[in-house]
Amino acid sequence: MPALPFQPSPFFADKNRAFWNLQFAGWGGAMLLRAMSALAGQQDFDFLILVVIATVTGFSISLILSVIYRQLINRRPLVTWGVTAAALAAAVALYAFVDGWVLSLYRPDNTTPLVQRLLGYFYLDLTLLGAWSALYYAINYFLQVEEQADRLERLEAQATSAQLAMLRYQLNPHFLFNTLNSISTLVLLKQTAPANAMLTRLSSFLRHTLIAQPGGKVTLAQEVDTLKLYLDIELMRFEERLRTEFRIAEDASIACLPSMLLQPLVENAIKYAVSVQEEGARITVAAQVLGQRLRLTVSDTGPGADNAGLDPAAQLSPPPERPGSTGVGLANIRDRLAQAYGDDHRFEIRSPRDKGFTVVIEIPYEPEDRPEKLPFASPARQDPAFKPDASDQHAPAGRPIGTET
């Protein structure tokens, strides 16, 4: 999985350029301030030469300090601050000596002792270089903290993506076992044409699902398109016993959701509603936008769950499974929603006492920027692209091909 690059603030995207920009801006401002103070004190214009020399001296000394500080910033605190204090004291002493020596050359008749002039410049130069040092460490520590926060966020995103991939791939064997068992049964019955057709549709479905990133999102239209590829395979097994219906609102079709979110729910409905009843069952997939939320509903007309006394409006965690269930499907969907949305989602199961089983999911509505509108048929397989082969030899009506896992 590729790591995301560290992207600091725009000004510090190029640290070298940012350093020189701050250097020129800071020392240029200091020179301007000292020049204005000198003119306000009625100094001669040639005194500005001393201001320029002092600024260049400070600029040069700060460059030397930057080299020293760069070697100290990642050392132990005692070493960093101890050596920094010593280097700063030596730099201020050198700065004050240069200022005092230049002033003695400018005013040779000045009777003020050199030591007194040095002390006068020491406090001014200490303020300048001290402020410069504080800014240097503050900016660099800020960049380090920002980089560490970005690295932590990147690692958390990679961990979440890896967990989402593990949860999604956990569902693939469950579906493959059913389909391969069906193909095996067709081969044993020497029904090669439907077996070959089922293999072709299985390969199309797997190719379609592997294109999407495991932790990525797709539009609901793309998710339904993938779901129809899956139903192509299941319709060969159950024929008229499997009846499907899609009720997808137009604004819901462009909503983004985790890939392969609906297929396990439909597979769960086929396993526990269609295959256990002689007359089969109807599976309905509905989607609508309610304010800033996307509501997805997968329901069937099967026998439902054995949940006597269950409050249909209650949010269930963990959800009740149907009799004979392995507990993987619905729990897997719940975990994927928790990884993708945290607490900002709703996962609800409704099973009336008489009949039926419904799963309701609500997630934040995230429309795609440039949606591709795909037509939705009702029932699902009324679209012209679905035309079963005339040579397909299905099993007798009322009996599914293959076994269930």
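How does the lining of the second largest cavity divide by class into nonpolar, polar and charged residues? By class, that lining has 6 nonpolar, 2 polar and 1 charged residues, where Ala, Val, Leu, Ile, Met, Phe, Trp, Tyr, Cys and Pro count as nonpolar, Asp, Glu, Lys and Arg as charged, and the others, Gly among them, as polar. The model is predicted, so that local features need pLDDT of at least 70 and side-chain atom pairs count only at pLDDT 80 or more, while totals for chains, interfaces and linings use all residues. Residues are numbered from 1 along each chain as its sequence is written, and side-chain values use heavy atoms, with hydrogens and water left out.

**Cavities**

- The whole structure holds 2 cavities of 30 Å³ or more, a cavity being a set of points on a 1 Å grid over the protein atoms alone where a 1.4 Å probe fits but cannot get out.
- The second largest cavity has about 50 Å³ of space, a volume being the space filled by probe spheres set on the grid points, which are joined across faces, edges and corners.
- Its lining, meaning residues with an atom within 4 Å of a point, consists of Leu265, Asn268, Ala269, Val298, Ser299, Asp300, Leu330, Phe357 and Val359.
- At least two lining residues of this cavity come from each of helix H7 (263–274), strand S5 (293–300) and strand S7 (357–364), helices (H or I, at least four residues) and strands (E, at least two) being DSSP runs numbered from the N terminus.

**Largest pocket**

- The largest pocket has a volume of about 710 Å³, a pocket being an open set of points with protein on both sides within 12 Å along at least five of seven lines.
- Of the 26 residues that line the largest pocket, Phe19, Leu22, Tyr136, Ile139 and Asn140 lie nearest its centre.
- Helix H1 (15–40) and helix H4 (114–188) each supply at least two residues of this lining, which by class has 17 nonpolar, 6 polar and 3 charged residues.

**Helix packing**

- Helix H2 (residues 48–72) and helix H3 (residues 77–106) pack at about 165° with their axes 10 Å apart, axes being lines fitted to C-alpha atoms over the stretch in contact and angles running from 0 to 180 degrees between N-to-C directions.
- That makes H2 roughly antiparallel to H3, and the residues of their contact divide into 19 nonpolar, 5 polar and 1 charged.
- The axes of helix H6 (residues 220–238) and H7 come within 10 Å and cross at roughly 25°, and H6 and H7 are therefore roughly parallel to each other, since angles under 35 degrees count as roughly parallel, over 145 as roughly antiparallel, 65 to 115 as roughly perpendicular and the rest as oblique.
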